[in-house]
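Reader: I'm new to this and have a structure open on my screen. Could you walk me through how to read it?

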Amino acid sequence: ADPTTTYDYIVVGSGPGGGPLSAELARAGYSTLLIEAGTDQWDNPTYADIQNFNEAANDETTRWDFWVKHSDDAARDLKFKHTTWDTGDGTFYVGLDPPEGAKLLGIQYPRAAVLGGCAMHNAGVASLPEDDDWNRIVNLTGDASWEAGKMREYLKRIERNEYAGVDDATHGHDGWLAISNTDPSWAKNDSNPAVKIMKRLAQLTGQDPSQVADLANTDLLGDFPNRDTMSSFFNMATHSDKNGKRASPNNYIRATLADPAKYPLTVKLNTLATKVLFNTTTGSKPRAIGIEVMEGSSLYRADPKHIPGTTAPKVHRYFANREVILSGGVFNTPQLLKLSGIGPATELQKFNISVVVDSPGVGEGLTDNYEGSVLGLGKVPIESGLITILFRTPNAPTAKRNIYAWCGAFSFEGFWPGYPTYYGAEQFSCAMVHVKPRSQDGSVRLTSADPQDKPEINFRFFEHGGDEDLSELVSAANILRESWQAAGEEVLPFNELHPCPSSESNSTCSEAQQAEFFKTQAYSHHATSSCQIGAEGDEMAVLDSKFRVRGTEGLRVVDASAFPNVPGFFPSVPTMMISVKAAGDVLAAAREAEADADAGVGK
Ligand SMILES: Cc1cc2nc3c(=O)[nH]c(=O)nc-3n(C[C@H](O)[C@H](O)[C@H](O)COP(=O)(O)OP(=O)(O)OC[C@H]3O[C@@H](n4cnc5c(N)ncnc54)[C@H](O)[C@@H]3O)c2cc1C
């Protein structure tokens, strides 16, 4: 076979799902081709310095714009105040009153096409799933390798922890992913309005107000028996080093490329995978044997630099002796599977795509944590470090925490071109992530058979159990707002901008009004589960517990789309953990095949 076109493994996508996996396969000695549609920006300060995350997610260098729907109710979506429109003159209009003739785009959901994927433009917040998230996969599939205790070992393998002592055996200390935390010493200043808020918040969430400075240093990635039920302040951990340099799969890929004599990793940037190639003539199942790609920059139409009307470049083929692994992320992996003939037969037939495997779950079950914020302006500028709190609202369905909130002198209201809004030095907000949405009804569906086109993405927020989820969000907002009233008279009263604008009398801000606010203004950026791992026999379970695409051979999906539900509050670190786990599964299969070959099995 031609070594320039044939590899042992082909991995599509270099984000948290595909990046670590490709490096592990190469480090195990297998020739591995990593295909990435974007470029490498490791030394660009917009990406390298974690504090620039907002600039990074807005930056055209890597941005892929997906314009998503939050529901099937167009009128409801049009109430989202950051709905974005194409004005036709190369600019966006964001808001509720578009100029004449503007074309509706939808709600922006940013993604990064770059070596390292969205871990190169995200805020880097590191958190772990609940133990039950991992154990649920054991229950669904019977595969005990997913037990929570075992999954922590993957954190230890990838992590280079910079705040826990080297003797702390619950952390890893020599991995490729630096994880650091923030300095919470500001919380010792009792006269700081934000500390007064913290003390009240401590009371409201069952913590000791006199201990807030110590509580603010609690290890968010720590391992303790009540870690999923304990309401507490935490020290926000991020995947970056103590000097603020971003850490991501990019570090591991580049470290692997640095020793080509030892590690046979080839990375092709500016390369868009368009189709998986199958051998359907031999074997009992279609076997993935390679991939078709287009080479060139900005080929995908989500890329704002894409030039409309340009002819598609000619297609190239690369072949895999062993396996093809798709890690294009929660929107692109299901799209690529469908373009390759794996998906709901009726949808594929609509676009004249030959059905290789009728797999109704591909692109279905998309879900996300709901996010919203309480935002206001104090009378004077507020000095504040970051308050990170995980707590349980009284109406939470289980004993577990359902809210991750971070409060401080910032504003965060979701994503749109140019986000976030700066409301002045008086701005103060608590942004919150609500976990375990009851609804898992989102979808990623084809709009055409053209691989350069974007799919249609609809999250169908609040489709099931919406009232309960909304009441938890409202309950959290009430607790956070109440804590603000302790800020002290130099700051009070807050002029709340939402969800209960102070311009309206507080009596008119009912629970129902707040619920309506969150129903129309909730946003998200932790999408998962569009090609889920699930139980044998469940036709919606696209993958088995070893990430294998059911109905095929030699094909796996390893990225955020594989999770059966959003893994806890933030998915980036959990996705890197499953990437390394998957590498173990792929290598175990290789060893098994080699042992069979040595034993002459099949001869
Ligand atoms: C703005 C923003 C902020 C976020 N903040 C946080 C945070 O603070 N903490 C956290 O835990 N999570 C955060 N997330 C979510 C987190 O970054 C993602 O969940 C995670 O990156 C998913 O990893 P992935 O490998 O599944 O996909 P991705 O990171 O999307 O990587 C997929 C890669 O595949 C490439 N690709 C896709 N299709 C193709 C194709 N056809 N051919 C070739 N290449 C292709 C893409 O270019 C990309 O590089 C954030 C997300 C966003 C958008």
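Author: In α13 (residues 511-521), Q514, A515, F517, F518 and K519 are buried. Buried means that 20 or more other C-beta atoms, placed from the backbone, lie within 10 Å of the residue's own. Helices (H or I, at least four residues) and strands (E, at least two) are DSSP runs, numbered from the N terminus.

Reader: Where do the residue numbers come from, and what kind of model is this?

Author: Residues are numbered from 1 along each chain as its sequence is written. The model is predicted, so local features need pLDDT of at least 70 and side-chain atom pairs count only at pLDDT 80 or more, while totals for chains, interfaces and linings use all residues.

Reader: Back to the helix: what do the buried residues of α13 pack against?

Author: They pack against β18 (370-377), α12 (466-484) and β24 (495-498). Contact here means that the C-beta atoms of two residues, placed from the backbone, lie within 7 Å.

Reader: How is the protein chain divided into domains?

Author: Domain bounds come from an automatic or database domain assignment. Here domain 1 covers 6-45 + 124-128 + 246-365 + 528-598, and domain 2 covers 183-235 + 369-521. Their C-alpha centres lie 34 Å apart.

Reader: How many residues of domain 1 are in contact with domain 2?

Author: 29 residues of domain 1 are in contact with 19 of domain 2. On the domain 1 side, β12 (271-279), α10 (329-339) and β17 (364-366) each supply at least two residues. The largest share, five residues, comes from α10.

Reader: Which residues come nearest to the ligand?

Author: G13, G15, G117, G329 and S572 do, out of 41 residues around the ligand. To count as near, a residue needs its C-beta atom, placed from the backbone, within 6 Å of the molecule. Helix α10 turns up again, giving the most to this shell with four residues. By class, the shell has 20 nonpolar, 18 polar and three charged residues. Nonpolar covers Ala, Val, Leu, Ile, Met, Phe, Trp, Tyr, Cys and Pro; charged covers Asp, Glu, Lys and Arg; the others, Gly among them, are polar.

Reader: And what about the whole protein chain?

Author: There are 14 helices and 25 strands, and 53% of the 603 residues count as buried. The radius of gyration, taken over C-alpha atoms, is compared with a globule rule of 2.2 Å times the number of residues to the power 0.38. With 603 residues, a compact globule would have a value near 25 Å, and the chain's 24 Å agrees with that.

Conventions. A residue is buried if 20 or more other C-beta atoms lie within 10 Å of its own, exposed if 12 or fewer, and partly exposed in between; C-beta atoms are placed from the backbone.
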